[in-house]
Amino acid sequence: LAKKATRKKTTTARKATSRKTSARRVPPKRRTAPKRTAPKKPSRKVARRKTAARAAASRKRQTQPKPKQTSAVAKAATAAKGVVAGAVKAVAERLPWSRTEPDAIEMLEREHRQFEGLLKQGEDTTDRAKKTRREVLSTLTAGLNEHELMEEKVLYPALQSHGEARETVLEGYEEHHVADLIVKELHDVAEDDEQWAAKFKVLKENIEHHIQEEERVMFPTARGLFSREELLAMAARMRGLRAGAK
Ligand SMILES: [Fe+2]
Ligand SMILES: [Fe+2]
C-alpha cells in the first residue's frame, strides 16, 4: 500500500512537472499592438513616371486657352469703333475722289470680264443647247448695246480731241460696228444650225481683240490724260446713260 502511495505521488509529481514544462514551452500569447510600418517608398521608376505625368498635366493647363472675358467697356469700345468705321466709309463713298467707287475705266473693264464669261459660255455649247444659246445671245446683245453706248457717247468723244488717242478711237468705232453686224446675223441663225457655232466663234474673236485694244492702248492713254475726278464724272454720266437705255 505504501509502495502504491509512493508510485501515485511520483506519477502526480511527474504530471505536474510535465504540465510546468509544457507551460514553459508555449509562452502565453501576448497582446501586442500591430507594428507600425513606414509607408513604402515608391520605386525610382514609378516616381519618375509620376513626375512626367504631373509635368504633362501642367503643360496641358498652360496651353489651354483662357476663356475670354469681355468687359462691358471693351464691348462698348468695339461697338463704337464699328459705328465710326461705318460713318467714315459712308462719307468716303460720297466723295468724288472716293477710292471705292469705280471710275469710267474700271466700270468698262468690269463689263469686259462679263462679256468674256458670256462668250466662253456660248462657245462651250452644242447644237442641242438651244435654250442656253438663246439666253447667252440675248444677254450679250443687251450688254453690248449699253456698253457701246457708254463708250461712244462719253469716253470716245472725250479722247478723240487728243491727237495721241484719235487713231485707236476711230478703230474702236469700226470694231463696234463689225461686232453689231455679226450679232445681228446671229439672231437670224437657228440655234441648232451648225452655222451658229461658226458665227459665234468669229464674234468671240472679234470682241476679244477689241477688248485687248481698249485695255492695252486706249484705257492707259485715258488714265494718262484724265484725272481721277474726271474719270469719276464720266462714270456718273455713263450710269445715267445706261439707266436711260433700260
Ligand atoms: Fe468698245
Ligand atoms: Fe469696251
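The exercises below work through the metal site, the aromatic pairs and the confidence of a predicted model.

Residues are numbered from 1 along each chain as the sequence is written, and chains are lettered from A and ligands numbered from 1 in the order written. In this predicted model, local features need pLDDT of at least 70 and side-chain atom pairs count only at pLDDT 80 or more, while totals for chains, interfaces and linings use all residues; side-chain values use heavy atoms, without hydrogens and water.

**Exercise 1. Describe the site of the iron ion (ligand 2).**

Step 1. Find the donors (N, O and S atoms within 2.8 Å of the metal, or 3.2 Å for Na, K and Ca; water is not among the atoms, so sites may look incomplete). They are His112 (NE2), His147 (NE2), Glu151 (OE) and Glu214 (OE), at 2.0 to 2.2 Å.

Step 2. Histidine 147 and glutamate 151 share helix α5 (residues 130-160), where 4 residues, about one turn, separate them. Helices are DSSP runs of H or I with at least four residues, numbered from the N terminus.

Step 3. Classify the geometry. The angles among the 4 donor atoms run from 85 to 175°, and the site is irregular.

Step 4. Glutamate 151 bridges the iron ion (ligand 2) and the iron ion (ligand 1), 3.1 Å apart.

**Exercise 2. Characterise the 2 aromatic pairs.**

Step 1. Apply the criteria: rings of Phe, Tyr and Trp (its six-membered ring) pair with centres within 6.5 Å; planes under 30 degrees apart are stacked, over 60 edge-to-face, and the rest tilted.

Step 2. Tyrosine 156 and tyrosine 173 are edge-to-face because their planes stand at 90°, with centres 5.2 Å apart. Tyrosine 156 is in helix α5 and tyrosine 173 in helix α6 (residues 163-187), so the pair ties together parts 17 residues apart in sequence.

Step 3. Tryptophan 196 and phenylalanine 200 are stacked, at 4.8 Å centre to centre and 10° between the planes. Both belong to helix α7 (residues 194-225).

**Exercise 3. Locate the helices with the lowest and highest mean pLDDT.**

Step 1. pLDDT is the predictor's confidence in each residue, from 0 to 100. The protein chain has a mean of 79.

Note on methods. Four donors count as tetrahedral if all angles lie between 85 and 135 degrees; four count as square planar and six as octahedral if opposite donors are over 155 degrees apart and all others between 65 and 115; anything else is irregular. Helices (H or I, at least four residues) and strands (E, at least two) are DSSP runs, numbered from the N terminus.
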